[in-house]
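Please load the model in a viewer and keep the sequence panel open beside it.

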Amino acid sequence: LHRVDLSRPGDPAVDLTPLPPGSRVFGADPLPSHPGSLLIAMNKRPAAIDLFRVDVTTGEITLHHEQTDPTENVLLDDAGTPAFATRMGLDGTLEISAIDRSTGERRSLRRLGGAEYPVGAQPQIVTPDGSGLLVTADDDGRGPIFLVAFSPDGTAENGTAERVTSDDAVFTDVQVAPDGRTAYALRTSYLEPSHPVRIDLG
């Protein structure tokens, strides 16, 4: 990942993620809890993809979350705290668990996939407050968005998978607004090419 100063086009690009041979950057996202930093997924350890905070101005790299289980994917909320974990079962089912903020304990919420969703459930986007996980999954050629709910304080039902889109279309590139009330995605159908849409999450 490189930084380019648009006000000084003659300056060389700055490599923010110098890595040894065989390693690479897998993704970069803003981290609202750390303004001026990006959350970068990369495999400094060749067999593990860890999450690092990178200060865009100084280039300082800080380990933010170490993936200790190579079979598990940990998802963070907007505060940078582990909120959910997903794991692919032996039958191809995506197993979704909530992570207790204080103890790190996993609580099983939902299983998606297998014969019901044969191409899996992607992407997996945590709502800003960590109370839900947005996933898309194949449904007879459609690609609806589901919201898997979690109540950290136990006042609401856990593990429900509410379908938040109902039309005959495929939704990709899902993102959630900072207030958690709206999602944005690209919608594609046999009637229309891909175009951005806004989805009310209630």
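Colour the chain by pLDDT, the predictor's confidence in each residue, on a scale from 0 to 100. The mean pLDDT of the protein chain is 86, and 90% of its residues reach 70 or more. This is a predicted model, in which local features need pLDDT of at least 70 and side-chain atom pairs count only at pLDDT 80 or more, while totals for chains, interfaces and linings use all residues. Residues are numbered from 1 along each chain as its sequence is written, and side-chain values use heavy atoms, with hydrogens and water left out.

Next, select residues 121-126, which form strand S11: confidence in the protein chain is lowest here, at a mean of 74, whereas S5 has the highest, at 96. Where pLDDT is low, the predicted coordinates should not be read in detail. Element names follow DSSP runs numbered from the N terminus (helices are H or I with at least four residues, strands are E with at least two).

**The sheet S3 to S6**

Select S3, S4, S5 and S6. These 4 strands form an open antiparallel sheet in the order S3-S4-S5-S6; two strands pair if DSSP finds at least two bridges between them. Strand S3 (25-30) and strand S6 (61-65) are the edges, and each has a single partner strand, so one side of each is left without a neighbour in the sheet. Neighbouring strands are turned by 30 degrees against each other on average, direction ignored. For such angles, axes are lines fitted to C-alpha atoms (for helices over the stretch in contact), and values run from 0 to 180 degrees between N-to-C directions.

Serine 37 has aspartate 55 in S5 as its bridge partner, and leucine 38 stands opposite valine 54. Valine 54 also leads onward, as its bridge partner in S6 is isoleucine 61. S5 and S6 pair over 4 bridges, again in the antiparallel sense. Their hairpin has 5 residues between the strands, and glycine 59 takes a positive phi near 80 degrees there.

**Charges over rings**

Show the side chains of arginine 24 and phenylalanine 26: the charged end of the arginine sits over the ring, 4.4 Å from its centre. The criterion is NZ of Lys or CZ of Arg within 6 Å of the ring centre and within 35 degrees of the ring normal. Lysine 44 and phenylalanine 52 give another example, with the charged end over the ring at 5.3 Å from its centre.

**The sheet S15 to S17**

Move to S15, S16 and S17, where 3 strands form an open antiparallel sheet in the order S15-S16-S17. S15 and strand S17 (195-200) stand at the edges with a single partner strand each, so one side of each is left without a neighbour in the sheet. The twist averages 30 degrees from one strand to the next.

S15 and S16 run antiparallel and are joined by 5 bridges; phenylalanine 171 has arginine 187 in S16 as its bridge partner. In the hairpin of these strands, with 5 residues between them, glycine 180 takes a positive phi near 75 degrees. Strand S16 (residues 182-188) pairs with S17 over 6 bridges in the antiparallel sense, and threonine 182 stands opposite aspartate 200 in S17.
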